[in-house]
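Hello,

Here is the structure I promised to pass on. Please have a look, and my notes follow below.

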Amino acid sequence: QYFLMNLIGYKCKNITGFSRIELSEYLKRSKIFFLTSLTEASGSRILLEAISCGCMPVVFEECSTAVEVINEHKFGLKIKSRFKLKMPEKIVNYNFLDFVRIFIKLLFIRLSFKNKKSPYILDKYLIKNEINELTKLINSLW
């Protein structure tokens, strides 16, 4: 996906290995953030970081926690992957038509992108509030 987008003139990068500060700076220069995961705990901290940096989030419909984050913020887009995920190994199976369909959707999203102001991050997703809620939950089990 990224390689093809770069070939047609859209800068795309699979961002891995950045420090938190480098990641934040990179995201602030980005327009769209595509979360390629089918499963994420808590909707993914990086998704929240991308939203707070002003990126339009795009997630797979099958990633329920990421969908919850964009639904609650009323900001972002969903794409159906149609991938098959074998658990607990997390082995993903897909076919070439899925790859092409997703590429076309991403291209359409990029072509129709209008700078939209991202919403603030809801209080429940702030890390200190998540830690407090998890602490309460753990304490209630004792």
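Is E49 buried or exposed? E49 is buried, with a relative accessible area of 12%; buried means under 20% relative accessible area, exposed over 50% and partly exposed in between, with a 1.4 Å probe and protein chains only.

Before the rest, a word on the source: this is a predicted model, in which local features need pLDDT of at least 70, side-chain atom pairs count only at pLDDT 80 or more, and totals for chains, interfaces and linings use all residues. Residues are numbered from 1 along each chain as its sequence is written, and side-chain values use heavy atoms, with hydrogens and water left out.

**Overall layout**

The protein chain has six helices and five strands, in the order α-α-β-α-β-α-β-β-β-α-α from the N terminus. Helices (H or I, at least four residues) and strands (E, at least two) are DSSP runs, numbered from the N terminus. The C-alpha trace spans about 55 × 35 × 30 Å along its principal axes, and 32% of the 142 residues count as buried.

**Around helix 3**

Helix 3 covers residues 45–52, and its buried residues are L47, L48, E49, A50 and I51. Their cover includes helix 2 (20–28), strand 1 (32–35), strand 2 (56–60) and helix 4 (64–73), where contact means heavy atoms within 4.5 Å. Just after helix 3, G54 has a positive phi of about 95°.

**Salt bridges**

There are four salt bridges in the structure, each a side-chain nitrogen of Lys or Arg within 4 Å of a carboxyl oxygen of Asp or Glu. One of them pairs E49 with R20, with the closest N and O atoms 3.0 Å apart. E49 lies in helix 3 and R20 in helix 2, so this pair ties together parts that are 29 residues apart in sequence. R20 is exposed, at 64% relative accessible area.

Another joins K28 and E25 at 3.8 Å; both lie in helix 2, three residues apart, about one turn of the helix. D98 and R101 also meet in a salt bridge, at 3.5 Å from N to O. Both of these residues are in helix 5 (residues 96–111), and both are buried.

**Cysteines**

C55 is buried at 0% relative accessibility, and C63 is buried at 1%.

Best wishes
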